[in-house]
Amino acid sequence: MLVNLSVRNFALVRELDLSFDTGLTVITGESGAGKSILLEALSLVLGSRARREQTRPGEQQCEVTAEFNIESSAHAASFLAENDLSDPTESSRCLVRRTARVDGRSRAWINGTQVNIDTLRTLCTPLVALHGQFEQTQLVDPGTQLDWFDDFSVDPKLREQVRARYFAWRNALSAFELASSKAGAQFNQLDLLQYQVEELEDLDLKEGEFESLRQTHKRITQSQEIRQLLRESKELLSSGVQSDLSVLTKTLSRIDDSDKSLEQAKQLLESTKIHAEECEMYLNQYSNNLDIDEHDLEKIESRLNSVYDVSRKHRVSPDQLYERAKEVHDQLDELNSAQEQLNVLRDLSEDRRTEYLAKAKMLSEQRVDRVPQFCNEVVQVLEHLALKNVRLEVSFGTAENSSGIDSLEYFVSTNPSYDPMPLGRIASGGEISRIALAILVVVAQRSNLPCLVLDEADVGIGGVTADMVGRMLRTLAQNNQVLCVTHAPQVAALGGTHMHVYKTDSEEIQVVALNDVDRVDEIARMVASRAVDEESRKYARTLIANAQS
């Protein structure tokens, strides 16, 4: 509910601080006293467009502050918490402030934190329904109409199930889209990776194979030279080195001396003979193992050419190609795993959507079933408000949101010669006010309406009809805060709180809460439309007394 409203330098208002109670508050005053200016100030703080002429002449900016109690507004409390805008000391309190400069710039704050206008509107839309004779900000909004119709017609548990399943679907869809977006660039490389893997699998290069091929190729191409060198080496060993070592051994053996140096020389010589013999043995082994088939050269060269070709495509050296094959395989495995996970997320999203649509269809069926009863009850109320022959229809459209698969709009005709049209397109502001009032009265017993502000809902009516309007407003205010600007004394007499708007001698707007005595005089003025006398006061007292019944 709206608790306080502070206005500074707005139009003809220099400084104004108002407090509001629950129930029905009536606001009265002479024509031109400034009642509409108060509603314009409230509209500004709720997020309406700022205009240069709204700033008081001679000032640079105007300012409007509204304080709300959001204890009964779960939507507002949730919005504040989700956006880290809650009052840290009192969670049920919400302070909204808006300033507008003469240069057209404006700023807004929620609980001291600066926000943009869209955020301000999102918060305030469920807090205040402002309905003027020539401006309807919420009562003609299809989204609000659907919410109020649902309050009247459908199972609240089913509504919550639809809402929960919608967000479960949207969360699953968001997870799928996020994963798809992150993997998108990688998936663009999937075909290339598959091609590369197939190419590397066809090559089937083994670890160390390239080096082995290269060495074998080198050996084959140098086979003649290798054989010649082997022959020369073995000949030198057998006929040269070993023969000389044998001669040297025999020569030294003829020296008969026990000198240690000589003994060491003999031992080293013997060791050298052994090493030479071993060298010859290994060379023979190498020669025996050197089974070179020159006919394999073409096959080896073809294999090497394939390795070189693939390595150039992958921009790595041939000796790195084996590791590159493992790397590409790993990348493809990761992508395939990501694709599988993406498929799981997609399937989950589709399942959640199916669950949502099933519940939304049930909700839609309930709505259609309750349309006749809703329309009949609204039309009955309208007859009491001096609007006869009214036709009310509920038009359904398609949607897909947390409210289900339906959009909804009220179509009304007040003239039998014309087909029903959307509520917001009805020409008469007074008719809109009464039709909207009738709808609100019908849904009020079940609806969680916000603070409702009505500007001249009683326009064009009087007498018994005005009394009926006032009583409906009072009934509406039993569960909701209602602020009503009125020119009807019958409506004013039914208010729980009575505020009077007037202009001072300096043409400044002031607002006062009337006590019992002043209230009688104000209603007497409204009755007499002239100077208040005892007769008009008597009638005013009668209206106030009758209002208690």
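# A tour of the aromatic rings

Start by selecting F374, which is buried, with a relative accessible area of 0% (buried means under 20% relative accessible area, exposed over 50%, partly exposed in between, using a 1.4 Å probe and protein chains only). You are looking at a predicted model, where local features need pLDDT of at least 70, side-chain atom pairs count only at pLDDT 80 or more, and totals for chains, interfaces and linings use all residues. Residues are numbered from 1 along each chain as its sequence is written, and side-chain values use heavy atoms, with hydrogens and water left out.

(Rings of Phe, Tyr and Trp, the last by its six-membered ring, pair if their centres lie within 6.5 Å; planes under 30 degrees apart are stacked, over 60 edge-to-face, the rest tilted.) F149 belongs to helix α4 (residues 142-153) and F374 to helix α11 (residues 321-384), 225 residues apart. Helices here are DSSP runs of H or I with at least four residues, numbered from the N terminus.

Next, show R370, whose charged end sits over the ring of F152, 5.1 Å from its centre (NZ of Lys or CZ of Arg must be within 6 Å of the ring centre and within 35 degrees of the ring normal).

For another charge over a ring, pick R97, which lies over the face of W109 at 3.9 Å from the ring centre.

In total, the structure holds 8 aromatic pairs.

Notes:
Helix = DSSP H or I, 4+ residues; strand = E, 2+ residues; numbered from the N terminus.
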